[in-house]
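Trainee: I'm new to this one, and I'd like to start with a single part. Please give me a close look at the contact between the chains.

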Number of protein chains: 2
Amino acid sequence: MANPPVLASYPMLSASFLERLTGCLRPEAVLVEPHHVLVYECDGSTAFKSTPDAAVLPRTTEEVAAVVRLCSEEKVPFVARGAGTGLSGGAIPSEGGVVLSLAGMNKFLELDLDNRAALCQTGIVNLEVSRAVAGHGLYFAPDPSSQSACTLGGNIAENSGGPHCFKYGATTAHILGLTVVMPDGEIVHLGGPRDTVGYDLVGLFVGSEGTFGIATEALVRLMPVPETVKTFLAPFRSMEVACEAVSDIVAVGIVPAALEMLDRATIEVVEASVVAAGYPTDAEAVLLIELDGAAHGMERMEREIRAICMRRGATSFTVARDEEERARLWLGRKAAFGAMGRLSTDLYVQDGVVPRSRLPEVLVKVSEIAERHRIRVANVFHAGDGNLHPCIPYDGRDADERERVLEAGREIIELCVAVGGSISGEHGIGTEKSSYMGLLFSEQDLDLMSAIRDVWNPDGLCNPGKLFPTSNGCGEAASLPSVAAMPGAWI
Amino acid sequence: MANPPVLASYPMLSASFLERLTGCLRPEAVLVEPHHVLVYECDGSTAFKSTPDAAVLPRTTEEVAAVVRLCSEEKVPFVARGAGTGLSGGAIPSEGGVVLSLAGMNKFLELDLDNRAALCQTGIVNLEVSRAVAGHGLYFAPDPSSQSACTLGGNIAENSGGPHCFKYGATTAHILGLTVVMPDGEIVHLGGPRDTVGYDLVGLFVGSEGTFGIATEALVRLMPVPETVKTFLAPFRSMEVACEAVSDIVAVGIVPAALEMLDRATIEVVEASVVAAGYPTDAEAVLLIELDGAAHGMERMEREIRAICMRRGATSFTVARDEEERARLWLGRKAAFGAMGRLSTDLYVQDGVVPRSRLPEVLVKVSEIAERHRIRVANVFHAGDGNLHPCIPYDGRDADERERVLEAGREIIELCVAVGGSISGEHGIGTEKSSYMGLLFSEQDLDLMSAIRDVWNPDGLCNPGKLFPTSNGCGEAASLPSVAAMPGAWI
């Protein structure tokens, strides 16, 4: 009994470190009790867990910088966390150390109407940005399903998408400037409203999954609220024809604000939940289409879309008449992930991308994979982008089931890559998919990326264990030929 | 007479190097005669010149890689060049060495209708991309004034803009993937049509001004040709009210495809040239406005824009009735730079950005600067973006005049920064503005950028002397306080 058991993978923090940590911010802003830090062991995906040794609740950029400087000096790993709604384990403290929870840094700092931009602390909830500027007819476009909970900082780290990113682009298209605490504790300001000069460090930072430093303030682009929004719902008797309708709509040159699909399994779950959006339960697929923009041209687009859907065999075509009906049509889509909580204790949401034209066959194969692994899968996805979200409810306490779920997830991703797609559309690589990076990238590509990471984060203390394959990675995935290394492989 | 005079700043290339160089491609594709390489001493801005020791004309990525590998082994500097239409000296061989002219690598390789993308060699002329896909109702959006001559590779290097980038974003928003010859001669493939995973290396490469490697193929995003285009011309009695009209149009939430302004000096030059676009010569400013998109909503926008212009005192409001009239309204804008060739042997086109609301006062101060330095200045600019292009015709053979022009250019840029703007909107930093980088960026920022450059280009042989301030730089500019280093300085 000479040695006490070591609980965390990282040696527990010394008393002197904790004392200095407390000196960086208010004493009540440092959490070290096991039942306090347990909150930070995972994000929205419970499949990946790691407990920090301490969590801190900074309120200012300077407090973040002080904590980071200390961690850098003492060689303690650290990671920033927003609302913890991520789905790839991007904010979990893979090697223990300190979690910086930025949820308290939620201030809307300044509105710049001239440049249609807003300066916010990055702990602000996504939807709060739009709420704060709604009076000026403006909004922040990226709209992840979790937008009423997730924070701007998490959106920046993961380059989050959302239904409306089909038309407006993911988060990277909406970030103009950043205040970043570098991994050595230095504070830098990148970009700005008119900055098109020098290397695009803001664009590089967005989507870097917390491996370059901690963004504490962001200057975000605001867009005018569209004059009109029209929302349609079209149920189909088969997923295949529903996907063909999507391709037809895109092919005629219409750019809907959103093109969302739910399969029969999702419809059933939604309709059996308290939400009950009123989707027809005998449909094999429901397509939710939204147009936004100027009022006039919209009628013609509506006629075109209706004609395409009916020609492809839609069993009906519902047009939301007012904001209330519109909200109801969206209800099922927005509540789908939550409704799946009825099915089991845990939910694994996969995130892969395939060419639009391959959607039907890929969905059939996803069912086959699920059947083979004796798991349920429900599909709700951004059809316009070919961005799949197979949802797999499971019981995390059942180790065998958890293994089967992760294995099915891996097969789904390999399938996406095999048809010319990608290993993630918008949830990021994080902990979950670092071992899949070899499916998309050559060793050369990964070397270049990790050399760039080393410029920002030379000691690797800032969010370690993310993005890059490690020796713990999946050997099979890493040994597959690299798509990116094949000339002309893009097309 | 023991030592022959050394003409270039870089020791002339050895016979063995030249022999190996000839082995990299066809013998006729290697130019070393002084009268042959002289062509490559400058780009569209004749203010900055440096002669290469050799120029090569590769046709394939492999030939580029062979030349670059040789240069890397022999420590010879090299730089890629497209059509040489750049305006910041970005493609000049600052330290001698080898110029790789990619103008012969102009193949349209593959059209991918499913992903609305095209794979092209980067020596293709910008407009040729749109021409090749016009039959499918598609086009490539970035439209620099030089689009009938400039190449895709130059657009990528400089992240080029153009009139329609106000609505559609600069080149970076339209590049999906790249084949890059790294500075050691390795060939890598970055990005792809569905690639949102890992660090955004494509976004980082675009705008890196040739300092990261040589892009030989690009997968570009294509957009549907808008259903309708409407073009309006509004002359004003003062530049101030014309600028106010621009702000009003943007403020009501209309996003025109282009918002271009010409001042009286430009109008006079254009109307005196063979072009004679029919702009009223008694106007102090002419505003060219273009809308594109769906047909129906456009009538209301036209009414709104007309009302704004008339309220702000436009002396007339012309609507182009057909494609021919539309082309005529644009003629003056597109031919403005060329028309200035009438005024003198050389033309210096400055490129700065200011907040839209500061345009009128900045233009007054630009006139004062010109007067003080006894030079002429004509303004033609992207008013929507606040992107100024003061054009200064001069005689490059007159050293004193050249000095005065460059000094006025420097003062204009300092003025832009002083009102919260930027040192370049779309022409890049290149040779011209490397000494101004300290006006925008802190030493920290520049260190971060140069460390990232060193990852790609560790020996600094790939386009040396660009982007970063050197010891030859302008001391005054470098000693000014850094805007980016001031917290909250964005707004």
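Mentor: Let's begin with the word itself: contact means heavy atoms within 4.5 Å of each other. By that rule, 72 residues from chain A and 72 residues from chain B take part. Before we go on, keep in mind that this is a predicted model, where local features need pLDDT of at least 70, side-chain atom pairs count only at pLDDT 80 or more, and totals for chains, interfaces and linings use all residues, while side-chain values use heavy atoms, with hydrogens and water left out. As for labels, residues are numbered from 1 along each chain as its sequence is written, and chains are lettered from A and ligands numbered from 1 in the order in which they are written.

Now for the area. Buried area is the accessible area (1.4 Å probe) that two parts lose on being put together, summed over both. Between chain A and chain B it comes to about 5900 Å², and carbon and sulfur atoms give 63% of that.

How are the two copies arranged? In general, two copies of a chain are related by a rotation about an axis and a shift along it. Here, a rotation of 180 degrees with 0.0 Å of shift along its axis puts chain A on chain B, at an RMSD of 0.0 Å. That is how a two-fold axis relates its copies.

Side chains of opposite charge can pair when their charged atoms come close. The rule for a salt bridge is a side-chain nitrogen of Lys or Arg within 4 Å of a carboxyl oxygen of Asp or Glu. Over all chains, that rule gives 52 salt bridges, and two of them are found across the interface of chain A and chain B. One joins B:Arg300 to A:Glu227, with the closest N and O atoms 2.6 Å apart. Polar contacts are pairs of N or O atoms within 3.5 Å; within protein, one atom must be able to donate a hydrogen and the other to accept it, and residues adjacent in sequence count only if both atoms are side-chain atoms. Twelve residue pairs, both members at pLDDT 80 or more, are in polar contact between chain A and chain B.

Which elements supply the chain A side? Several each give at least two residues, among them β5 (108–112), β8 (175–181), β9 (187–191), α10 (296–311) and α15 (443–456) of chain A. These helices (H or I, at least four residues) and strands (E, at least two) are DSSP runs, numbered from the N terminus. The most comes from α15(A), with nine residues. Sorted by type, the chain A side that touches chain B has 38 nonpolar, 21 polar and 13 charged residues. For that sorting, Ala, Val, Leu, Ile, Met, Phe, Trp, Tyr, Cys and Pro count as nonpolar, Asp, Glu, Lys and Arg as charged, and the others, Gly among them, as polar.

Let's zoom in on one residue. A:Val188 sits in strand β9 of chain A. Neighbours within four places in sequence aside, A:Val188 is in contact with A:Leu178, A:Thr179, A:Val180 and A:Met182, and also with B:Gln444 and B:Asp445 from the other chain. Is A:Val188 buried or exposed? Buried means under 20% relative accessible area, exposed over 50%, and partly exposed in between (1.4 Å probe, protein chains only). A:Val188 has 5%, so it is buried.

To finish, look along α10 of chain A, one of the elements on the chain A side. A:Arg306 and A:Glu302 both lie in this helix, four residues apart, about one turn. Their side chains meet in a salt bridge at 3.6 Å, N to O. A:Arg306 is partly exposed at 34% relative accessible area, whereas A:Glu302 is buried at 11%.

How values were computed: Least-squares fit on C-alpha atoms with pLDDT ≥ 70 in both.
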